[in-house]
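Colleague: I have just been handed this structure and would like to learn how to read it. Could you walk me through it step by step?

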Number of protein chains: 4
Amino acid sequence: MARKIRMGMVGGGIGAFIGGVHRMAAALDGQIELVCGAFSSKPDKSKASGEAFFLPEDRVYGSYAEMIEQEKNLSEGERMDFVSIVTPNHVHFGPAKMALENGFHVVCDKPLAFNMEEALELEKLVESTGLIFALTHNYTGYPMVKQARAMIKNGELGKIRKVVVEYPQGWLSTKLEDTDSKQASWRTDPKRSGIAGAMGDIGTHAENLAEYITGLQITELCADLTAFVDGRALDDDGNVLLRFDNGAKGILHASQISAGEENDLNIRVYGEKGGLEWRQMEPNTLVVKWLDKPKQVMRTGFGDLHPASLAAARIPAGHPEGYLEAFANIYRNVAACIRARVEGTKVDPIHEDFPTVSDGVRGMRFIERVVYAGSSEEKWVKF
Amino acid sequence: MARKIRMGMVGGGIGAFIGGVHRMAAALDGQIELVCGAFSSKPDKSKASGEAFFLPEDRVYGSYAEMIEQEKNLSEGERMDFVSIVTPNHVHFGPAKMALENGFHVVCDKPLAFNMEEALELEKLVESTGLIFALTHNYTGYPMVKQARAMIKNGELGKIRKVVVEYPQGWLSTKLEDTDSKQASWRTDPKRSGIAGAMGDIGTHAENLAEYITGLQITELCADLTAFVDGRALDDDGNVLLRFDNGAKGILHASQISAGEENDLNIRVYGEKGGLEWRQMEPNTLVVKWLDKPKQVMRTGFGDLHPASLAAARIPAGHPEGYLEAFANIYRNVAACIRARVEGTKVDPIHEDFPTVSDGVRGMRFIERVVYAGSSEEKWVKF
Amino acid sequence: MARKIRMGMVGGGIGAFIGGVHRMAAALDGQIELVCGAFSSKPDKSKASGEAFFLPEDRVYGSYAEMIEQEKNLSEGERMDFVSIVTPNHVHFGPAKMALENGFHVVCDKPLAFNMEEALELEKLVESTGLIFALTHNYTGYPMVKQARAMIKNGELGKIRKVVVEYPQGWLSTKLEDTDSKQASWRTDPKRSGIAGAMGDIGTHAENLAEYITGLQITELCADLTAFVDGRALDDDGNVLLRFDNGAKGILHASQISAGEENDLNIRVYGEKGGLEWRQMEPNTLVVKWLDKPKQVMRTGFGDLHPASLAAARIPAGHPEGYLEAFANIYRNVAACIRARVEGTKVDPIHEDFPTVSDGVRGMRFIERVVYAGSSEEKWVKF
Amino acid sequence: MARKIRMGMVGGGIGAFIGGVHRMAAALDGQIELVCGAFSSKPDKSKASGEAFFLPEDRVYGSYAEMIEQEKNLSEGERMDFVSIVTPNHVHFGPAKMALENGFHVVCDKPLAFNMEEALELEKLVESTGLIFALTHNYTGYPMVKQARAMIKNGELGKIRKVVVEYPQGWLSTKLEDTDSKQASWRTDPKRSGIAGAMGDIGTHAENLAEYITGLQITELCADLTAFVDGRALDDDGNVLLRFDNGAKGILHASQISAGEENDLNIRVYGEKGGLEWRQMEPNTLVVKWLDKPKQVMRTGFGDLHPASLAAARIPAGHPEGYLEAFANIYRNVAACIRARVEGTKVDPIHEDFPTVSDGVRGMRFIERVVYAGSSEEKWVKF
């Protein structure tokens, strides 16, 4: 008999931001159940979290290592199918590696790892194990992002010439890490976040979105990174010029000191025949611009959209779908792929659409190159 | 030990629109589990639906009556806590009545019933049983709707003078009920929908939203209802003048033939000191207008909002929350209230915020009065 | 040799609002020159105004009667061609009548007159004299209003079913007429404004716009008018249901107590095939909505617009044209028509597009009927 | 007796774009009259243009040299006060120099000249003659641009950290210069436009706007310029990183191949306390963003704005003012300054607000530096 796909979680105890997001995203479609977790490196907190999530005591673990070992010993009918890793960057590699080595599929928050070495090792492991590995570049899950990608792939805008991708936030305009903000604390700490601040946290989303939508790859970049807030060790703002493999030019800027901005990831792409614009904060709208015809406002679920876009919507047009639904699209696709393996069936290709370990490697490369470029006198740095 | 709240569902088999919405909304926060259902009046379809939702065979029933009887016989540790009714209007009363008479709480889709008699009987039953009854006027679940309500309650806009509430849709601009559209079919059929078309389906949402946000009650109305599409038996458009109990004046119009509109429920309220505007299709924004100061754009989760608004948001500002999250807020509050009863604790008043059977009675009164007014020569009809 | 068309002005002394608007609108295209005026009923103020407008002393008059008499005596090569009347409502009829009787064309601010009798007499005079009479329902001058009108006339939206026209302002939310506001003072004074307040001042603009764009005529209306501000003699808010001659239904509401609104005249029209939306505060955009295709955003001067729309734009797309340009379109068309008479040529029909005395009579009828309806127990009042 | 200020025009014959704009802008406020012109290098066209503008034959000249010589010989009561230069870039220097040398004030379209040498010579001439010289960076004339400037000057946003200024257009996406487009032809021709294409035509507007609003100066830049359209000699797109004299960082990009964009000049500025955003295509709105408070939507003429902003508006809030009104603000201020000299009075400092020859020199420096940077291997080029 069919059953739900079983998820074990690493990190994401009570009060965490992204852990809750993953749980809601996994739960939304009724395809996945949370069966176990190591929710915190503090056993008490892990235990309390397990209770809050209604898990049996014996499926709440004190560490990811314990979880993976114990779950491996459970019967096939009981043990988790995959691990969801929702810890800070420096605790991605450990559980991901161990999960893969023990036969568990992985969903991992971005960026992929703490540094390039870890990233490349994970990529090899995924290749050698053949397991499913999804990275939650969740913004690619939006229906109108998929519409944009499909239109460009189909040549509807002609050859792409220019890409402008922005990710302004304002929440780190002051030295929030000196308060008790857990979110600010680890993101501005090189020991937990890695070599980049804003560029790693949100710049990678921008890079991933630009490459996902256009199907192009960045080949060179030129960067000016800044830590505006006194005493901050990592960049909180970055302005980057881009060059793409087809000759297109671009701009990427990401900031956490753009005072008053919430989470305004947005992208504009211009081709020879037309352009398009998408903004995450009003994600159900895709504006398509034409040389000599009126702009069109495409909307989630309305009219004649590409199949990948339609498949990513759950409810009729005009009923706004948000961040969690886009996030859930990654989990839904992952669940479908895992289910196909569990049930020995073939997966519908429409579900094979989620960011992979290779996207994660590109993201880590972006972080490494943009930080290098930021402090380099070279104008153009190869990607 | 704490456990999830258990839901049984009436209606909502595979392919249904609103049933899927209820299931996603109930699942989102991990507080509720679907344990049983009578998903269709066709046993085969009910069974197939139960399988798709991963339910054990013995909890999938052929009728709501069977479900309620069988579940009642299960142990307290196993049986459902509440029934979720997601059928067309003419099948609200039967399962709601039987559920209440057998001690089950109820969540019911709107409008409350097929006619006033049913509505009043349900109201009495809820009163006599003391059970929880929630009506899914889901649009009241949005964080910025709750902000609007709190601001008006606090007198921030001064005495309210004018209310304009609109609910234009375009999907019934053609005779869609002559195709195989299940949604169009029952909504335009007096035998299943009742005496009203658009006024019942969406006009009641508009009426409920206006009263919820302003805290005022409609006392008189004047209506012009039309069935624009040839051969349609029920109104597909209605324009209504309103008068409120504090002297405020208003306009309510709802339409399903406003070609090109998706689901554009929106409201503007003007008081002596300022006004506000909210639009469902961009629900995380509340525009507040002042006599001599710049407009303010309030945003879900951003800045200094009222507690009821903050409590209704799940993720940081700029991460858009949509229709399902607002819908889930009703389920989350209902779950908290049921949990308090199950666990014998006191519920936080912030969770006692969902539409009740009395809101449902007002909605049915609205339907009855607006249909009467539509065909009356009287200018003003008492509500 | 070609020369500019010569304008004499009645009212509009220094500091007046609408007089300055008329002067700028007339000057914009270099087709009209202000040659004389009776700018105020106070001779001193009229004289000072004439100086400020760089007029020779002998062309600045103490009264409109003096102006018309004196100008009539000037040579054809010198005297004004037309009179522009920019006084409060109760001083429209006098100068208009006298101008027509003395052979001068007229541009008059709206509403046409103080009451129906005056309006009808002016209509007759225009007919009998054959002179040009333009009423400055300036909002019809916008390029995208003309585009909307042309699309509907061409049947692009199919048969029209529903019209929603709104004109909310907030500036009279308090008793501004008790301060030294000249604008508020006469508009709220029945002796100068007539029987209507908001309905006359802005409701007529809404009525005119709806009929201009749709080409339909209102046949019945039902109204609820209110004076919200204590002690105000005339309506400051009105909600009106409309029925049109083709069976379409509509809503018109206009308000001067919608706190925080500036001058938000807007209209939505829905036909069997699609709908459109135009908002005066962002006038260069016309949103066109389709049943099953993405919305289109048409823009002044961009792409393939109707000739009447293109002719009403002066500068390339993306260079916003505003209120004064739309106002100037009326003057430009009037100047072209007067020029044709002066030069004995045939006018291009594209210039015969401005509101006439007959539009003014409809506006006065609207005022009379809506005020009657507002205090009537009849539900539907014939227009 | 007071009189209008007298303008002579160089260029701007019938059918020209920017010439008509200058004439309308000059005429709008009734302070300036066009008295003479050398409208074309072709005497016939100049003559026909003079007739169309209702000028006497003897004030229509065959060349700017003839105009300046002849006008100089007229009496003080008759001759022009200033010259308005509206020719392509390579014909700015000649007439400007000659006008200044003969005692005439100058209004000149941007960019200031064909190259730096010319620019510097004009700057010296203005200094030595003491005459008024205005450059029509018209976008600084918008009321909400002046509000933005005043807010930053007053420190309301705190120290400025980041500036993003964009100027996307799409009209040169194809090789329009191969058609009969006069506008495209000279702008893409190095002989008439100078060393830059998009960077000169619109990049300078962006540079000027950024410096005007922030009060900062660019000190370094890094550029990537492209001619995307095959066979085009000058850049049609440019992406530029900026550094400002206070340590702020920025991005400037301008493009004429951003398909589907009209004229979307826009700017965002972020300081330590807040940010602001202004878009030319909806110019009456200024969005002000705050760290922890709701965004504010400031609007032309509404509420408590800075005096410079209020003075730049002509009509009440909600009556949109557009491109021509902003342009006219430059002419209005210039006219007031010339009038003060003519009448021997002191000018109100609020009128001394228009771009000068020094702004023009900065613009020419920008063109020179950004073109150099575009082809340089140096990362940072001093401004």
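**Chains, domains and strands**

Modeller: Chain A can be laid on chain D with an RMSD of 0.0 Å, by a turn of 180° and a shift of 0.0 Å along the axis. That is the relation of a two-fold axis. The superposition is by least squares on the C-alpha atoms of residues with pLDDT of at least 70 in both copies. Bear in mind that this is a predicted model: local features need pLDDT of at least 70, side-chain atom pairs count only at pLDDT 80 or more, and totals for chains, interfaces and linings use all residues. Residues are numbered from 1 along each chain as its sequence is written, while chains are lettered from A and ligands numbered from 1 in the order in which they are written.

Colleague: What is the general idea behind such a comparison, and which residue of chain A comes closest to the rotation axis?

Modeller: Two copies of a chain are related by a rotation about an axis and a shift along it. In chain A, the residue closest to the rotation axis is A:Lys379, with its C-alpha at 2.2 Å. The same surface serves both copies, as 100% of the contact residues of chain A recur in chain D. Here two residues are in contact if their C-beta atoms, placed from the backbone, lie within 7 Å.

Colleague: How many residues does each of chain A and chain D bring to the contact?

Modeller: Chain A gives 33 residues and chain D gives 33 residues. Several strands of chain A each supply at least two residues of the side that touches chain D, including S6 (160–168), S7 (218–226) and S8 (237–244). S9(A) gives the most to that side, with four residues. By kind, the side of chain A that touches chain D divides into nine nonpolar, 11 polar and 13 charged residues. For these classes, Ala, Val, Leu, Ile, Met, Phe, Trp, Tyr, Cys and Pro count as nonpolar, Asp, Glu, Lys and Arg as charged, and the others, Gly among them, as polar.

Colleague: And how should I read chain B against chain D?

Modeller: Chain B, too, can be laid on chain D with an RMSD of 0.0 Å by a turn of 180° and a shift of 0.0 Å along the axis. Of the residues of chain B, B:Gln296 comes closest to this rotation axis, at 2.3 Å (C-alpha). Nine residues of chain B are in contact with 10 residues of chain D. On the side of chain B that touches chain D, three residues are nonpolar, two are polar and four are charged. Strand S13 (residues 295–299) of chain B runs antiparallel to strand S13 (residues 295–299) of chain D, and three bridges join them. Within this pairing, B:Gln296 has D:Gln296 as its bridge partner. Two strands pair if DSSP finds at least two bridges between them.

Colleague: How many helices and strands does chain A have?

Modeller: Chain A has 12 helices and 14 strands. They are DSSP runs numbered from the N terminus: helices are H or I with at least four residues, strands E with at least two. Along its principal axes, the C-alpha trace of chain A spans about 65 × 50 × 40 Å.

Colleague: Where do the domains of chain A lie?

Modeller: Domain 1 covers 5–131, and domain 2 covers 143–315 + 362–382; the bounds come from an automatic or database domain assignment. The centres of the two domains, taken over C-alpha atoms, are separated by 27 Å. Between them, 12 residues of domain 1 are in contact with 13 residues of domain 2. The domain 1 side of that contact has eight nonpolar residues, three polar and one charged.

Colleague: Which strands should I trace for practice?

Modeller: A:Trp278 has A:Leu286 in S12(A) as its bridge partner, and a hairpin joins S11(A) to S12(A) through five residues. Then follow S12(A) to strand S13 (residues 295–299) of chain A: four bridges join these antiparallel strands. There, A:Thr285 is partnered by A:Arg299, and the hairpin from S12(A) to S13(A) passes through four residues.
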